[in-house]
Every structure is written in structure tokens, then in C-alpha cells.
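Hi everyone, thanks for making the time.

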Amino acid sequence: MSQIYIMQQENNTPAPQPAFTSWALDMLKEHYGWVSVIAAGLGILNLAIYTHHIGRPDVFMSSLEFGPGLILLWITHLFFFVVLIGSMLFPSLVFAGGLSALRPKPDYAASIVRVLTGLTAFAMLGVVIPIGAAAYRDETASPWWALTVLVVPALCSWFFLHGNIAKTELLTDKLKSWRMLLACVALTGLLGLTALVGIYPALFVTQFYEERGAMGGWGEALFFCFVVMVGSLAPAVGYHNQLLKGKPAQFRGGLFGFGLFAALLILTVPSLLIFPSVVSAKFLGITDREVKRYLIVNEEYPADSLDTQRWSITRSEAKKYLLHGFSLYANGPIVLLCPADLAKLPERELHKYTAQCVPFDESAVKPLDVVEQIPSDDVSGRRR
């Protein structure tokens, strides 16, 4: 009976929580007030960033409303920021996978990682240099130039393996010539693929590169692309560089590399910070680019104060009227409505025209039904 009782007691014993989860829950429990205040403060900062991005900072203070929405806004912003940065770390994943397969011995891990990182950086120049040369001639580089990323690894792989064959657990001193050839091909493919995948973060840099005008030229933009391509390897380098010090040190090295890469991106392309703000605002419904019909009940903005044709206003009563537009910003007691012809403007150009938008009280705006996107030429032609 005693054995049965002990077994039942063991079965009823809850499974121990992972150390990190337990620590996070304990911290939230003990410091809930401070965590909430910090999260709300970061949510306020995110709203300020977004209102400046759309060119209407004047609505920020009027729309500010303290509540759980600010915490939710920051959590959403943080999620999209991590997803954005994480999606740009594919080169690190490929590079780390290759290093894990190579299994360098702990004593030699740091030197092997440095050499392979240098070879990969030179391979990445095989992408940057042809694109730069074509841009200098006002041409577009052929995609076939991307194959030049294999040149440096192919030339150096045999020398690297021959000099480091005793420093890894995967290779042995007794490799036959055909196996050495296969190892060279594999290493060339690994470094070449890592360099090719590095094009992905470089594309993000060119997409958000606005601070210095039209490619400031192009030489500076390509330099930033190359720096970010190499920087995307930072988490993998930080992780494997600490192989001699054990797993905790490796995780710290990987996290440090992630933070270094994020800081590098923000310093290189500051407008990259705007992207998570815009996406989180759309996700939470703070902004909506769909053109709708709204019923306005407002004394401060009577129908006569607006352009009847542009807003496609239909009068119903003295202080009530219908209009067509979209909600560019809605938070707290403020709804910023814009004319329908601005809905098709690109995100990066919208701030030039938002002075034409009107901030209504939230209680005065009643969205009715979703209507079709109206071309700008048709909006002006609608009857009163």
C-alpha cells in the first residue's frame, strides 16, 4: 500500500517549470507595477513615433489615453520588431548550421570562426562589387553575377581544410583525395550560400534607405549594404566564438551578436524603426487605409467648412452630414480622417499631404459601410 501511495504522490507532483519561465513569472509577479509603467511608457513613445511619421504630431497629446492599450501597442511593436530583425538573420542560421556540422574543437573554435567569417565577407563582395559597378554605369547587374560569391570560397577552401583538418571533429588526417574534394565542395557551397542569403538584409537596407536622398550616393548605400550583410553573421559568430566557455557563455555571445546587429541596423538606417510602428498601428486598427462612408455629427467642423466635392459630402441636417474618407489615425478621443484621394499614396509620401486631414472627436464620427476604393479623378467628379 505504501508503494502505491508513493507512486500516486509522485504522479500528482507538478512538473518543475523551466528556469527561465520561472524567473520571468517571478519577476512579473514582484515588479508588475514597474513593468506596466515601462511598457505603457514605451507604448506612448511608439504613438509619438507614429504621429510624427504621418506628419501630424499635433494630434498626439489630444489622442493620448492611458490604459492597457498602450501596453498592448508596445507588445505588438516589440513582436514585429523581433520578427523583422529575426527574418534578416538567415545568413546567421546558414552559417551557424555549417559550423555546427563542422564541429570545431573548442580550443580552435575562435580562430576557425574568424577565418570563415573573413572568407564569407570576401564572398559577399562578389555580390556588392558587380552591383556597384553596374550602378556606376547606370545599368542593372545581371543575376548571373551572383555566382561570383563562389569564387573566393572555391579558391580558399582547400587551403583552409588542409591547414585546419586536425582542428575539427568532422574531419580526420586520413582523408582520401576524393573525400577532401567533397569537403571542399561542401565548404564552398556553405560560404557561397551564406553570402547569397546575405542579399536579403541588404534589400531591406535599400528599401529603407531614405536619409541621404537618391542613393547619396549609391556608393554609400552599397557600403551600408555590405556592412549589414556581414553584420547579419554576428549572432552565429558570437555563439560559436564562445565554444570553449560552455553553453551559457555561447547563448550570451549569441544574444550579444543579435543586439549588435539590431544596433547596427538602427544606426545604419534609422527609418527602419518606423516599420514596426506602422505595422503594429495597422494590426491594432489605429490606422485604416480603407475608404469608408462616415456620418459626422460635429459643430466644430460643419459641412460648409470642408470641400464638398473632395470629401463627397452629402448633407442630411444642419449639423449632420455624410462624407467619404479613411481613418489615418484613431486613438483615444481623436479620429483623424483624410480625403479618399490620399488613400492610394505610398506610405513614405503620405506625411506631405496629411495637413489636409481633419481631426474629429471620436464621439462625432460614426463609420457606416466599407465602399470601393475611389480613384482620385472620380472623387472630384462626385455630385454634391
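Let's start with a pair of charged side chains: Lys282 and Glu347 meet in a salt bridge, at 3.3 Å from N to O. That pair links distant parts of the chain, with Lys282 in helix H14 (residues 274–283) and Glu347 in the loop between strand S4 (334–339) and strand S5 (358–361), 65 residues apart. For the criterion, a salt bridge here is a side-chain nitrogen of Lys or Arg within 4 Å of a carboxyl oxygen of Asp or Glu.

Before going further, a word on where this comes from. This is a predicted model, in which local features need pLDDT of at least 70 and side-chain atom pairs count only at pLDDT 80 or more, while totals for chains, interfaces and linings use all residues. Residues are numbered from 1 along each chain as its sequence is written, and side-chain values use heavy atoms, with hydrogens and water left out.

The cut-offs are under 20% relative accessible area for buried and over 50% for exposed, with partly exposed in between, using a 1.4 Å probe and protein chains only.

How many salt bridges does the rule give? The count comes to five. Another one joins Arg310 and Asp341, with 3.0 Å from N to O. Arg310 sits in the loop between strand S1 (292–297) and strand S2 (314–315) and Asp341 in the loop between S4 and S5, so this pair ties together parts 31 residues apart in sequence. Arg310 is partly exposed at 23% relative accessibility, and Asp341 is partly exposed at 22%. Salt bridges that share partners also join Lys282, Arg289 and Glu347 into one network.

Then there is Asp288 with Lys292, where the closest N and O atoms are 3.1 Å apart. Here the two partners fall into separate classes: Asp288 has a relative accessible area of 22%, so Asp288 is partly exposed, whereas Lys292, at 18%, counts as buried.

Keep an eye on Lys292, please, as it takes us into the strands. The bridge partner of Lys292 in S3 is Gly325. S1 and S3 pair in the antiparallel sense over six bridges; two strands pair if DSSP finds at least two bridges between them. S2 and S3 are also antiparallel, over two bridges, and there Arg315 has Tyr321 of S3 as its bridge partner. On to S4: six bridges join S3 to S4, again antiparallel. S3 and S4 form a hairpin with two residues between them, and Gly332 in the turn has a positive phi of about 60°.

How covered is S3 itself? Strand S3 spans residues 320–331, and nine of its twelve residues are buried. As a reminder, side chains in a regular strand alternate between the two faces of the sheet.

The chain has one disulfide, by a cut-off of cysteine sulfur atoms within 2.5 Å. Cys338 and Cys357 form it, with their sulfur atoms 2.0 Å apart. The link is right-handed, with 105° about the S-S bond. For comparison, Cys225 is buried at 5%, while Cys156 is partly exposed at 27%.

Let's hop over to a helix. Thr51 is found in helix H3 (residues 32–53), and its relative accessibility is 0%, so Thr51 counts as buried. Leaving aside neighbours within four places in sequence, Thr51 is in contact (heavy atoms within 4.5 Å) with Arg56, Pro57, Val59, Phe60 and Tyr329.

Zooming out to finish, the chain has 15 helices and six strands; these are DSSP runs numbered from the N terminus, with helices being H or I of at least four residues and strands E of at least two. Of the 384 residues, 40% are buried. Among contacts with a separation of 6 or more, 72% come from residues 24 or more positions apart.
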